[in-house]
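Here is a walk through one protein chain.

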Amino acid sequence: MSTTEHEPQLALADTVTARGHGPVVDAPGTPAARPLRAWQNAALERYFDPARDEPADFLVTATPGAGKTTFALALARRLLDSRRVDRIVVVAPTDHLRTQWAEAAHRAGVELDPTMTNAVGPVRPDMKGYVTTYAQVAGHPMLHRARATAKRSLVIMDEIHHAGDGLSWGDAVFEAFGDARRRLSLTGTPFRTKTDERIPFVNYVDDDSPESEGGLRSSADYGYGYKEALADGVVRPVVFAAYTGVSRWRNSAGEVVAASLTDATTKSVESLAWKTALDPRGDWVPHVIAAMGERLDHLREHGMHDAAGLVLASDQEDARAYAKIVQRVTGEKPALILSDDPKASQKISEFARSDQRFAVCVRMISEGVDVPRAACLAWMTSYRTPLFFAQAVGRVVRSRVPGESATVFLPAVRPLLALAAAMESDRNHVIPPPASVSSDEVDEGGLDLLPPPEREPGGPKEYEALEAQAEFAHVLHGGKALTGGDLPQVSVDEQDYLGLPGLLSPEQTAALLHQRDAEIRKRTATPRHVEDAAPTEDAEPEQEDATWHTAAVLRKEIHGLVGRVAAGRQMPHASVYSKLRAAVPGPPSASASVDVLRARRDHLLSMV
């Protein structure tokens, strides 16, 4: 269908702001929509290009933090308002992102249900669609096919590379949505795949990079990278602070081995040195957490009053240990966010709205999760793929006001330095490094990225971490490692370090981190005693006035009232539900509208 058919007139702003914002897409009677950024409007223009038919499939690659969700919902609103589609289906990687999508859709005037399960049949009539996960789609693809074809549907697949996470997931996505009217795929960065493992609905080109080994790379219909986002002020500039140190461990022969993170001679030695540094029983982790705590202190004192830091762990065991270290070193209990915690989504939302300084988390926080006040990231994980690195760093680069910057604290190992250097390369197209920088270049050649170090079976007989010391290595800037060791001391007046971009030069930043490193080592070597205790539970969050929230509360009330009626009248629960359905007709509670649920609740109250 061409865009000339029944094209609606959109309410557009007359100006473009200095930060790359453009037209406002809004409609009467809906929550106020945020102004669209220039790239979002350009992507919409590409989608509705009158020179070609509107696409059944469209892939957008936009750097993390740029606003893929806002773009997708603007497109959804335009398609709904022009009657091109009647239903929106969003497929997200995690349960928390289902809630996040539904809340964002509500603000855009599109009601989506994030609570539907595979046990529920039809979509509720007062909803424009629903949000599900790739795992749910794989569990019952034909159910989702029926929902997506019952009405003309736009299927939005968030972080589409997850369709390749399981051997059957790609097949399930194709089976479920192959006949949907339109499909929009989103990803934060181009991704690679093998020639025989193509993800449905994605176009590919041959990948000629050295590490691809003849594979394929995704090809977007519209791309918006970190370089462009930085130039537009959409994302914050990132400073990478690398920390080295000597690790000591005992190998399977009982020999004690010592190696520096920076100077490891082989990949296997580097892997074990890295693994030992991340061991929560050593001094490397407390040292880096203390450095990040100081960074947060200065951010909060100089303009970013709610700045927060994320500690990214490899697994849940380490995350719990790191949470205790944060409490011990800083005196504050962090939010502990674990994927197997039923309150994980609630805790993420609470942390995003709170004034809490630290959150310790595992992989679920790295992708799509929106915590705009997060400005620091401590890389305490062995993950090192380019896609994961970009997604995780994306959690701290979302720009709110001009002048904010992000800091990533990471081990000074070659795989991570290579990934950081790639982002620095993009940054330098926008913010060129000063010509006076004279430090040695970071070696980017021949970086054979290591596999993530895994816990070795057999316990201490195979490998036993003994200790690890941390030491500031350098600030990565302009592709160069600035150590700060040979530079003049930074004065007290200059110690608002790493504040607004340009407040201190990269050389001064490196000098100040180097200068403070010894102070941090002394403090973390003799930490004050704090009882090991899990972070405290936070208060229940306030619910937004969204219809899916209301429906969930009503269903819970109805369930409780049915129990009271059944007990009072000595009737089976099933009989009470049957009488309730007869008195207030309509679909089962899981699919009923808010109005029907309210009527059933009121009827039950009259029976109590």
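Tyrosine 243 counts as buried because its relative accessibility is 1%; buried means under 20% relative accessible area, exposed over 50%, and partly exposed in between, with a 1.4 Å probe and protein chains only. Phenylalanine 409 also has 1% relative accessibility, so it counts as buried.

The model is predicted: local features need pLDDT of at least 70, side-chain atom pairs count only at pLDDT 80 or more, and totals for chains, interfaces and linings use all residues. Residues are numbered from 1 along each chain as its sequence is written, and side-chain values use heavy atoms, without hydrogens or water.

The chain holds 11 aromatic pairs. Rings of Phe, Tyr and Trp (its six-membered ring) pair if their centres lie within 6.5 Å; planes under 30 degrees apart are stacked, over 60 edge-to-face, and the rest tilted. Tyrosine 243 and phenylalanine 409 form a tilted pair, 6.2 Å centre to centre with 35° between the planes. Tyrosine 243 lies in strand β11 (residues 238-244) and phenylalanine 409 in strand β18 (residues 406-411), so the pair ties together parts 166 residues apart in sequence. Helices (H or I, at least four residues) and strands (E, at least two) are DSSP runs, numbered from the N terminus.

Next, take tryptophan 379 and phenylalanine 389. Their ring centres are 5.1 Å apart and their planes stand at 50°, so this pair is tilted. Tryptophan 379 sits in strand β17 (residues 374-380) and phenylalanine 389 in helix α12 (residues 386-393), so the pair joins parts 10 residues apart in sequence. Tryptophan 379 is buried at 0% relative accessibility. Phenylalanine 389 is buried at 2%.

Strands pair if DSSP finds at least two bridges between them. β7 (residues 192-193) meets β9 (residues 216-219) over two bridges. Arginine 192 stands opposite arginine 217, and threonine 193 has leucine 216 as its bridge partner. β8 (residues 203-206) pairs with β9 over four bridges. There, tyrosine 204 stands opposite serine 218.

Finally, confidence. pLDDT is the predictor's confidence in each residue, from 0 to 100. The chain averages 77, and 72% of the residues score at least 70.
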